[in-house]
Amino acid sequence: MKADDVKKIAVIGAGDMGNGIAEVAILAGYEVAMRDIEQRFVDRGVDTIKKSLAKLVQKNKITEDASKDALARLMPLVDLEEAVKDADFIIEAVPEIMDLKKSVFKDLDELSPKHAILATNTSNMSITEIASATNREDKVVGMHFFNPAILMKLVEVIKGKNTSDETVQITYDISEKFGKVPVIVKKDSPGFIYNRVNAPTSLLISKIMDAGSPTPEEFDAAFKAVMPMTPFELADYVGLDVAYHSLKYFSEVLSPEYKPSKVLEEKVNAKELGKKTGKGFYDWSSGRPNIDTSKATKEFDITHLIALQVNEATKLLEEGVVDDPKVIDLAMANGGGAGVGPFTLAKSIGYETLVKKCEELADKFNVEVFRPTKTMKEGKVSV
Ligand code: CAA
């Protein structure tokens, strides 16, 4: 099969990521079945797509006709068999629970045509393990989008241990047809590139939650001027359930230090999941929170966050997940709103300063994940 042979796409899950991916695919001209387990979830997904398309029309990014045509290509469904029985390419976007992913992949393997590629939008989890639930491991691949999928350019295409080169190539080509910037992740490793590089920041805010100081607003206020979305706000935006599951998974596969904080666990149990439920660390009932910059903490600054990113990025090089630092910068520049990658930033700040910041955070929180790597101390990575 070639990317041009892909005519029909199925997206499994109509939540934030699922409906965003479906919207991207219908706008790229594909027939798309979007499936969720209950009609109300499907309806909510369709509603979100309609609102987003209306925004694009209003901003003159697409025409009214293009929006209508795109919607006509969307087939919202609850019946899984109906959704996948004639699909050429299937993208799964269900919650980040390994057993759930495996059970979905087992069903997809049984119900979809033998030639279909089964892609997972998992943010962190092992593609190889998900693939093991199927009898077509060569056709299972990671295809990781970023929230909001309609705006964020990056797609990480992840090769599992048994994914064929043909599957990787088709997924790469389809990502380009979607208008995205794909990067290939050659080694199936937790969090791939983007989320792995940001994992220590999640750990840092998790430690701050438990310490109780600074408050989310005091912390975020320190970065408001230099980030499109600050760390606690971004966690709310992406979903505290997603943040919780990620940290839990990292604590199992990367380091026990990633264990999610008690505060985060309580928020998830109380269904205070951020934007999607109207409340997380902030109140989202009337849109993005107003962060008061006068409350900014002096305890942390942007070099702390950059230092953690660069340090984790050097681990990806040391572990052979990526062999070219430019690929990491390309991914990091396109996955969020930053527009620039960590190694480019390191060049202008200087590795010596960043090493000191990592040491400071490692000592302060007694966290070895923050400790600078050998590569970081050598300070020779250039892009
Ligand atoms: N559909 C269509 N258009 C949309 C939209 C949507 N859902 N949301 C926003 N827009 C458009 C707006 O209309 C606006 O257009 P103009 O520039 O033409 O005016 C533009 O996007 C900016 O939107 P807003 O002015 O409403 O809002 P903003 O300035 O607050 O930007 C944001 C919102 C684009 C999301 C910005 O805050 C941002 O870039 N945030 C960072 C997001 C990020 O880091 N994502 C990665 C998360 S990590 C992840 O996803 C990994 C994972 O595995 C979970």
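Trainee: Are Lys-101 and Glu-92 buried or exposed?
Mentor: Lys-101 and Glu-92 are both buried. Please keep in mind that this is a predicted model.

Trainee: What do the side chains of Lys-101 and Glu-92 form?
Mentor: They form a salt bridge, with 2.6 Å from N to O. In general, side chains of opposite charge can pair when their charged atoms come close.

Trainee: How many salt bridges are there?
Mentor: The count comes to 28 salt bridges. One of them pairs Lys-102 with Glu-129, at 3.1 Å from N to O. Lys-102 belongs to helix 5, residues 98–111, and Glu-129 to helix 6, so this pair ties together parts that are 27 residues apart in sequence.

Trainee: And how accessible are Lys-102 and Glu-129?
Mentor: Lys-102 counts as partly exposed because its relative accessibility is 24%, and that value falls between the 20% limit for buried and the 50% limit for exposed. Glu-129 is also partly exposed, with a relative accessible area of 32%.

Trainee: Which residue does Arg-371 form a salt bridge with?
Mentor: The partner of Arg-371 is Glu-359, and their closest N and O atoms are 2.9 Å apart. This pair links distant parts of the chain, 12 residues apart: Arg-371 is in the loop between helix 16 and helix 17, while Glu-359 is in helix 16. Arg-371 is partly exposed, with a relative accessible area of 25%, and Glu-359 counts as partly exposed at 25% relative accessibility.

Trainee: Which residues do salt bridges with shared partners join into one network?
Mentor: That network consists of Arg-196, Glu-312, Lys-315 and Glu-319.

Trainee: Changing topic: how many helices and strands does the protein chain have?
Mentor: The protein chain has 17 helices and eight strands. Its radius of gyration is 20 Å, close to the 21 Å that the globule rule gives for 383 residues, so the chain is as compact as a globular protein of that length.

Trainee: What does the C-alpha trace span along its principal axes?
Mentor: The spans are about 55 × 45 × 40 Å. As for burial, 54% of the 383 residues of the protein chain count as buried.

Trainee: Now the backbone. Which peptide bond leads from Asn-147 to Pro-148, cis or trans?
Mentor: The bond from Asn-147 to Pro-148 is cis, with omega near 0°. Pro-148 is in the loop between strand 6 and strand 7, the latter covering 154–158. A cis peptide bond also joins Ser-213 and Pro-214, where omega is about -10°. Pro-214 has its place in the loop between helix 8 (194–211) and helix 9 (216–221).

Trainee: What is phi of Phe-192?
Mentor: Phi of Phe-192 is near 50°, a positive value in a residue other than glycine. Phe-192 lies in the loop between strand 8 (181–185) and helix 8. Phe-192 counts as buried, because its relative accessibility is 0%.

Trainee: And what about phi of Asn-366?
Mentor: Asn-366 is not a glycine, yet its phi is positive, at about 55°. The loop that holds Asn-366 runs between helix 16 (351–365) and helix 17 (374–378). Asn-366 counts as exposed at 62% relative accessibility.

Trainee: Where is Gly-29?
Mentor: Gly-29 lies in the loop between helix 1 (16–27) and strand 2 (31–35), and it counts as partly exposed at 43% relative accessibility. From C-alpha to C-alpha, Gly-29 and Asp-69 are 8.6 Å apart in space, although 40 residues apart in sequence.

Trainee: One last item: how far apart are Asn-135 and Ser-123?
Mentor: Asn-135 and Ser-123 are 12 residues apart in sequence and 23 Å apart in space, C-alpha to C-alpha. Asn-135 is in the loop between helix 6 (127–131) and strand 6 (140–144), and it counts as exposed at 76% relative accessibility.

Technical notes. Residues numbered from 1 in each chain as written. Predicted model: local features only at pLDDT ≥ 70, side-chain atom pairs only at ≥ 80, totals over all residues. Heavy atoms only, no water. Helix = DSSP H or I, 4+ residues; strand = E, 2+ residues; numbered from the N terminus. Buried < 20%, exposed > 50% of the residue type's maximum accessible area, 1.4 Å probe, protein only. Rg over C-alpha atoms; globule rule 2.2 N^0.38 Å. Salt bridge = Lys/Arg side-chain N within 4 Å of Asp/Glu carboxyl O.
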